[in-house]
Amino acid sequence: MRRSKCKMALPLPFTEAIRNPQVKFTKIFINNEFVNSTSGKMFQVTNPATEVKIADVQAGDKADVNKAVAAATRALDFDSPWQSMDASKRGRLLDKLADLMERDTAYIASLEVITCGKPYRDAFFVDVLSSVRVLRYFAGFADKITGKTIPIDGEYFCYTRHEPIGVVGQIIPWNFPIPMMIYKIAPALACGNTVVLKPAEQTPLSALYIADLIKEAGFPPGVVNVVPGFGPTAGAAIASHPGVDKVCFTGSVEIGRQVMKMAADSNLKRLNLELGGKSPIVVFEDADMDYSIEKCHHALFFNAGQCCMAGSRTYVHEDIYDTFVQRSVDRANIRIVGDPMDTATESGPQLDHAQFKKILAMIESGVEDGATLRCGGQRHGDIGYFIKPTVFSDVTEDMRIGREEIFGPVQCIIKFKTLEEVITRANSSDYGIAAAIFTSDIDKVMLFTSRVKAGTVWVNCYNWLTPQTSFGGVKQSGIGRELGESAINEYTEVKTVTMKAPAKV
Ligand code: ADP
């Protein structure tokens, strides 16, 4: 993900307010008000670095989703402030929200650190400030969403309108809570939709704070509603609600499949899915060795390996394999794992105990399947869900670690001989979110980029996501695209208007 080039600097030295931010909002946000859950139920949010409880949050379920959908539907009423607002004004509201997020970057980053465990530096520059740029990109789009006039046959005049879809349900995961929220709400709002969003149950706090900024920015009541809660209750209620016109989901393939079924069985609502990945990075012997080792390291270990687009299959040419493996191990061994509030920290803990256990079990399976564990493989420290940076060599695609998404700090290095072979092996996955090649040979680049099956292909770089470019997957990595102009298409319906004309016009 792109780091900000803006002039914002880390608020050093960290004060107590940055290290232990006061949690301001823990209720459900409907109609620009914070309210208790209908059931009266709450759930706990825990800091993964310390295992200490941070807050109790109101647990929304079907009854609350119903209220949120009703508010989002009213906000679209004929002559409602949102419905009758100029498109340019929608853009200004998004810009204002970007200003407010920028104003509160230090605080929002703190909330993200205590719930996700990501390093403060990443939360500040990547999660918050990259999201600000996404808001500004879509703010500019609001009054540039245009149809066409079409020279149809006969004495008719024809034009198209690109209209909002209606009420959009958005279900987001815990690994990038702020970007996932902004990638979804920004284009939806630029296009004039209204939103019911469910943050992940592990990380609801930043979404609730941003909800308050949405109100402060001046968005009318009901335009954005945020319902914290669990997947099978609140999430399923959104996916199966007959009043929701589209559902956008980011998460696992397993739940994505369920969301697709619920969308089909309820009202055939439109659907976007952004799911898992097992992305191949191919490194040739003619690549810059130092640079590609560092990029492959970052591609996997960024966000403690908890990225759908992580470069989780590192294919290295046989001529440089042994050296590349040894130097990747050396790099992993000096990766700084620890307190996310320390600015030197490169990796924080995994999200929670469930993820921690799952990753350690995958590491065990790698050893049992015959891969060579070169470093790491165990917990780091005594408190918190930290795992040592782990590198396996001699990995093959028939092993679970070579095939399944680990979602943790486990680099799997695979040996290959030829370009044709590696393209076939790269494509042998059920996933297809991203791929990359490191080489100085343009012919290899041309063949690889055209033949590899992936939504994004990086050449001599990785993790370079920008607001202007579409992001999403092929095969079981998903359906549809976020960001870029594609996102505008995803949040509008095309209406064809045909008029009888007095003559050919
Ligand atoms: P992960 O394995 O990364 O936690 P999930 O796919 O389980 O990913 O969760 C992603 C999001 O989907 C979260 O907001 C979660 O609450 C939600 N979710 C989980 N189960 C369901 C479900 N049955 N229906 C709708 N949403 C769900």
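This is a predicted model: local features need pLDDT of at least 70, side-chain atom pairs count only at pLDDT 80 or more; totals for chains, interfaces and linings use all residues.

Reader: Where do domain 1 and domain 2 run in the chain?

Author: Domain 1 covers 16-275 + 478-494 and domain 2 covers 280-466; these bounds come from an automatic or database domain assignment. Their C-alpha centres are 31 Å apart. Together, domain 1 and domain 2 bury about 2,300 Å², 63% of it on carbon and sulfur atoms. Buried area is the accessible area (1.4 Å probe) that two parts lose on being put together, summed over both.

Reader: How many salt bridges cross the interface of domain 1 and domain 2?

Author: Side chains of opposite charge can pair when their charged atoms come close. The rule asks for a side-chain nitrogen of Lys or Arg within 4 Å of a carboxyl oxygen of Asp or Glu. Across this interface it finds zero, although the whole structure has 26 salt bridges. One of the salt bridges joins E216 and R103, with the closest N and O atoms 2.8 Å apart. E216 sits in helix α7 (residues 205-217) and R103 in helix α3, so the pair ties together parts that are 113 residues apart in sequence. Helices (H or I, at least four residues) and strands (E, at least two) are DSSP runs, numbered from the N terminus.

Reader: Which backbone angles deserve a look?

Author: Most residues other than glycine have a negative phi, and most peptide bonds are trans. Here, A304 has a positive phi, near 55°, and lies in the loop between α10 (289-301) and β13 (313-317). A cis peptide bond joins L12 and P13, with omega about -10°. P13 belongs to the segment before α1 (16-19).

Key. Residues are numbered from 1 along each chain as its sequence is written. Side-chain values use heavy atoms; hydrogens and water are left out.
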